[in-house]
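Here is a short report on a protein chain. Keep the view open as you read.

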Amino acid sequence: MIRTGFRFFLDAQPDITVVAEARDGEEAVALARRERPDVCLLDIRMPKLDGLEATRLLAGPDVADPMRVVVVTTFDLDEYVYGALRGGACGFLLKDSGPTLLAEAVRAAAAGDSLVSPSVTVRLLKHVTEPASADTRPRQAPPAPPAPAAPVREPLTERELDVVRLVALGRTNAEIAAELYVSLSTVKTHLSSVQLKLAARNRVEIAAWAWQNGHARAGA
């Protein structure tokens, strides 16, 4: 029912066409490889092959020509969020985020941007920017978020850091351009330079670098 609802809603958008739908993870991977869609929407819990493994097969670091994957799920668990982003997903959306945000996530992924549910983004930032209280013992430490494998090749400029901070807070390219009073093409140029310097594959890894190095904070 949910899959059918997603299809009807997305197909009704003037700029989105659903080219295929799958009943399980194995079928999803096979169809994605055959159809090569601009964006793949995957659930976490699917029969035969779960969404984390399917994401890794379609967008993981070992994939020669990775696809853009957005994970859409009911399960708001940290290990799923980190697993999806480590596996190459460029977006993570909760099913209760609403249809408008779903369409925005598809458009963002198709444009090379990323969109993570705001509540998830805030929690991710909190995990990696706030030290644990001395008298608090978490039952389980949160897993480390994804990060570029290589160190920074050369320092980022102040303007590049401005762009990185906004990427880490979930802003789209258009929103970054508006906030920094620059053109969209300028934002894209800065992002290309940042990816090269950080050896980052995508915006998610850029954001992870920012979170881990103190260049972003919740509530900013």
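## Contacts along the chain

Among contacts between residues at least 6 apart in sequence, 62% join residues at least 24 apart. Contact means heavy atoms within 4.5 Å. This is a predicted model: local features need pLDDT of at least 70, side-chain atom pairs count only at pLDDT 80 or more, and totals for chains, interfaces and linings use all residues. Residues are numbered from 1 along each chain as its sequence is written, and side-chain values use heavy atoms, leaving out hydrogens and water.

## Helices and strands

The chain has 10 helices and four strands. Both are DSSP runs, numbered from the N terminus: helices are H or I with at least four residues, strands are E with at least two. From the N terminus, the order is α-α-β-α-β-α-β-α-β-α-α-α-α-α.

Helix H7 spans residues 158-168. Its buried residues include Glu-160, Leu-161 and Val-163. Buried means under 20% relative accessible area, with a 1.4 Å probe and protein chains only. After H7 comes Gly-170, with a positive phi near 85 degrees.

## Two cores

A nonpolar core is a set of buried Ala, Val, Leu, Ile, Met, Phe, Trp, Tyr and Cys residues joined through side-chain atoms within 4.5 Å. The largest has 25 residues. Cys-40, Leu-42 and Phe-92 are among those with the most contacts inside it. Helices H2, H3 and H4 and strands S1, S2 and S3 each supply at least two residues of this core.

Leaving aside neighbours within four places in sequence, Cys-40 touches residues including Ala-32, Leu-58 and Val-69. A second, separate core has 21 residues, among them Leu-180 and Ala-216.

How values were computed: Buried < 20%, exposed > 50% of the residue type's maximum accessible area, 1.4 Å probe, protein only.
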